[in-house]
Amino acid sequence: METTAAAPAGKGALPRQIPYIIGNEGCERFSFYGMRNILTPFLISSLLLFAPEAERIGIAKDVFHTFVIGVYFFPLLGGWISDRFFGKYNTVLWMSLVYCAGHACLAMFEDNRTGFYTGLFLIALGSGGIKPLVSAFVGDQFDQSNKHLAKVVYDAFYWIINFGSFFASLLMPIILREYGPTWAFGIPGILMFIATVIFWSGRRKYVVVPPVASDPHSFLKVVRTALFANAPDRGRPGLILAVTGFTLALIVLAWLAVDDFVIAVLLALGLIIGFGGAGAAMQMERARSVHPESAVDGARAVLRILVVFAIVTPFWSLFDQKASTWIIQGNAMVIPHDQWWWPSWLVKEPAQMQALNPILVMLLIPFNNLVIYPLLRRMGIKVTSLRRIGAGLAFSGVAWVVAALIQLHIDDGDAVSIAWQIAPYVLLTMGEVLVSATGLEFAYSQAPQQMKGVIMSFWLLSVSYGNLWVLITNAAVRNEAVTHQIAQSGIGENAFLMFFFAGFAFLAALVFALYARRYPLQDHYRTA
């Protein structure tokens, strides 16, 4: 794959190669969510039996959210090697084979913690490595003549993700219970192999943008110039700020790395990115004497995008806990098999409630596009990507308020039907559609051409930080002083944490709304 040019289907038409990417994504998402959505129940009921019963839930949540952090951290590696060395197509193909090997480990080592965790690592590496590239690869198939179709394809892309997720969420808990972990983890591995074959089959039709050669005006070089350049009669406050962040990062690593390596690394990286980015923004004009206007403006645009991504991180704290905290809540609820309207022939396990999320996504995406957005436009309300993301943050907060109210009834000893979980799932899914589906297109459109793979990696890295906040919170509630304060609130620990995360989302929505009012939207699709 050395050329950039599969011929387009026609000016302004949908590229013929898109079905291969969509088919690959559907199978890959089945494989990922098939194993992910049974991971917490499997850990609690099988792999963690060595631990005291009271500690298994906490350990399972830590393992789950650490795995998710890895999945969304490794896009940094995938984006970098793609942009600089191998290109998106080759990186996706080879990382997919690593992904398949990880699934094989899960199926073979269901009773061996070392082998099983190795499998989780390989899946995190493979899945994370391709994650920023497939969605960016979709964008590469479009140019200015058909970019109006990109949003439709991104919505279809997100729809097929949820198509695969729906069947995986519905079927894999049953496979785990009826046939055991070998089949429950093996079937997703087979689907991942099929996904790889489908992607490889379209190799002669893709538009392949080659990796970018070493650029003297790259984002990092512009940032470095901005930080270190002298200005007559002016100090270097930005450099001082960046050095402060780097120093704090070293302190965090020295303090936490032994006991909480994942937390330490992510906090240190966040300090470097945050302080370094803020420092570079303070002195960015100094880079204009060394780099062209387009490079400096592009670097400034990337820094603005990173602020958006940072504010969105609380959403992922709430969203990813549906596969841990909400499953655990469901285990304490009653499945209404005695009700005529409940599909007892199909829904037998609390973990299957996660199937609500993808089926709702498949319904809400067309409903929003065909009904809600046109209605809002007729009312004179402009439906921008930033407004959708901000509204999504607020919806996720409301979802967790409802979940917390349900938890209060459980804590009071009431027999609560699991059907009540439908309400928070609907609200959280609306938030997901507004944040995540929109964010894919937003991230691609805002990124300068030479930074598309890396900027998509940063979008995905925001998911790691969302799960980091969950790990930090879980660690905090093991502290006696914190648990004492929660006890003083008069409500149970689980309900307290749910209200806490809801407040976290509402605060993020407020900050996002204030920042979005000043954000200048960009258009970085290819010209031809």
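Is Arg387 buried or exposed? Arg387 counts as exposed, because its relative accessibility is 51%, where exposed means over 50% relative accessible area, buried under 20% and partly exposed in between (1.4 Å probe, protein chains only).

## Basis of the model

The model is predicted: local features need pLDDT of at least 70, side-chain atom pairs count only at pLDDT 80 or more, and totals for chains, interfaces and linings use all residues. Residues are numbered from 1 along each chain as its sequence is written, and side-chain values use heavy atoms, with hydrogens and water left out.

## Arg387 and helix H13

Arg387 belongs to helix H13, which spans residues 385-411; helices (H or I, at least four residues) are DSSP runs, numbered from the N terminus. Between the C-alpha atoms of Arg387 and Arg517 the separation is 9.2 Å, although the two residues are 130 residues apart along the chain.

## Salt bridges

Side chains of opposite charge can pair when their charged atoms come close. With a salt bridge taken as a side-chain nitrogen of Lys or Arg within 4 Å of a carboxyl oxygen of Asp or Glu, the whole structure contains 11 salt bridges. Arg29 and Glu28 are joined at 2.7 Å, N to O, and both residues are buried. Glu178 and Arg177 form a salt bridge at 3.0 Å, N to O. Glu178 is partly exposed at 46% relative accessible area, and Arg177 is partly exposed at 41%.

Arg288 and Glu285 meet at 2.6 Å, N to O. Arg288 counts as partly exposed at 23% relative accessibility, as does Glu285 with a relative accessible area of 47%. Through salt bridges that share partners, Glu285, Arg288, Glu293, Asp297 and Arg300 are joined into one network.

## Aromatic contacts

Rings of Phe, Tyr and Trp (its six-membered ring) pair if their centres lie within 6.5 Å; planes under 30 degrees apart count as stacked, over 60 as edge-to-face and the rest as tilted. The structure holds 30 such aromatic pairs. Phe73 and Phe74 make an edge-to-face pair, 6.1 Å centre to centre with 75 degrees between the planes. Phe73 is partly exposed at 26% relative accessible area, whereas Phe74 is buried at 17%. Phe199 and Tyr206 are stacked, 5.4 Å centre to centre with 25 degrees between the planes. Phe199 is buried at 1% relative accessibility, and Tyr206 is buried at 3%. One aromatic cluster is formed by Trp326, Trp400, Tyr425, Phe500, Phe501 and Phe504.

Charges also sit over rings, a contact that requires NZ of Lys or CZ of Arg within 6 Å of the ring centre and within 35 degrees of the ring normal. Lys322 lies over the face of Phe319 at 4.8 Å from the ring centre, and Arg388 lies over the face of Tyr373 at 5.4 Å.

## Cysteines

With a disulfide defined as a pair of cysteine sulfur atoms within 2.5 Å, the count of disulfides is zero. The closest cysteine sulfur to that of Cys100 is in Cys27, 11 Å away and therefore too far for a bond. For Cys105, which is in no disulfide, the nearest cysteine sulfur is that of Cys100, at 12 Å. Cys100 is buried at 17% relative accessibility, and Cys105 is buried at 13%.

Technical notes
Helices (H or I, at least four residues) and strands (E, at least two) are DSSP runs, numbered from the N terminus.
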